[in-house]
Amino acid sequence: MEIYFYQAECGDAARLRFYDEHNNPKNILIDSGYERTFNHVLKNEIIELIDNNERVDLCIISHIHDDHIGGMIKYIKTINSGELEDIIDRWFYNPPRNYRVVENREEKNFISSPVSISQGDDLFYYINSKDKLLDYDISNEIKQFQLGNLKMTFLSPSNGKLKKLRKKYKSEHIFLESIEDESISEAVSARDFDYSIKIEDFNLKEWKEDTSIENGSSITILTEYENKKVLWLSDSHPTDIVKSLKQLGYSKENKLVCDWVKVAHHGSAGNNSNELYSIIDCTNYLISANGENKHYLPTKESLVRILLNKNRDYEKKYSLYFTYDNSTLREIFKTDGKSVFEKWNFNVKYLNTKYLVVKL
């Protein structure tokens, strides 16, 4: 299996490519970044799949924020313009509303609507028009799904978090909060970069969880392929993930052993908790962020909660992977000095190409 982690600024976009039991290639797209992410990297990836006679067997859109859904909105536009053919066979997407009449809304009217206003609606109507909309929600009540010989376990959202989302957007006349503005995460976002604080000086005993309803509706997945496990945390609330993992039998004494973790919400302090990383045993952490955003992500605090977790095995070297390489990201551990990497047994790797390929 190969995993492609794409550059999506402070957003998520990734692809899994593997072979099924009949040696046929399979592709799963997990989120798609912004519309400009499609232009930056996803368009060429789609074209390459078409040229190789491959398809996207499953596209998963975790939730309605721009930095996860935008690339697929641009993809739909290229389909409608005739520029590309639609090669997505199946969708996992939880509509943000309980829709009534769908058939009366024409594609040409909604797909040209202003960006960041109704993208969640746009995607729903497109998927429904292609008869590819599931008649049930993707939630932690489903537990598992099998595609070829790859198994997916759903850890979030809960049905309760989906109800909260649809209660907020119970009317189609209410615009969806597709952009994460200051009103959504102000309570738990950083006021400034916390990179000047030394690792030892963080107060890890205090923590406040993200309260975003949209983030709480995120689809979080544990993928397993030939004994290789990857945890895709999307923008989920860590208390939900901890609850699901404990229901699966994981604990501080019986940790979830996985090969990679896609760190939650681009390294936001409110989406990464001590308790979560106390029940995870992993040495590779992917942070999908470029450090150039108004929420000052990734926060150093979230990374320190991983590195200094009380249940961590310090005999194992941790690796933090960033999807970009710039002066901002290289400032994160600068104040700690070069000895910090040996002291806490970790290293940092930066990406200066459009995507990182991981082979498992």
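User: What does glutamine 144 stand opposite in strand 7?
Analyst: Threonine 153. Keep in mind that this is a predicted model, where local features need pLDDT of at least 70, side-chain atom pairs count only at pLDDT 80 or more, and totals for chains, interfaces and linings use all residues. Residues are numbered from 1 along each chain as its sequence is written, and side-chain values use heavy atoms, with hydrogens and water left out.
User: How many bridges do strand 6 and strand 7 pair over?
Analyst: There are 4, in the antiparallel sense; pairing takes at least two DSSP bridges between the strands. Strands here are DSSP E runs of at least two residues, helices are H or I runs of at least four, and both are numbered from the N terminus.
User: And what's in the turn?
Analyst: The two strands make a hairpin with 2 residues between them, and glycine 148 in the turn has a positive phi of about 60°.
User: Which residues of strand 6 are on the covered face?
Analyst: Phe145 and Leu147, while Gln144 and Gln146 are on the uncovered one. Side chains in a regular strand alternate between the two faces of the sheet.
User: Switching topics: is serine 234 buried or exposed?
Analyst: Serine 234 is buried, at 4% relative accessible area. Buried means under 20%, exposed over 50%, partly exposed in between, with a 1.4 Å probe and protein chains only.
User: Where is serine 234, and what does it touch?
Analyst: Serine 234 lies in the loop between strand 9 and helix 8. Its contacts (heavy atoms within 4.5 Å) include Asp12, Ser62, Lys262 and His265, leaving aside residues up to four places away in sequence.
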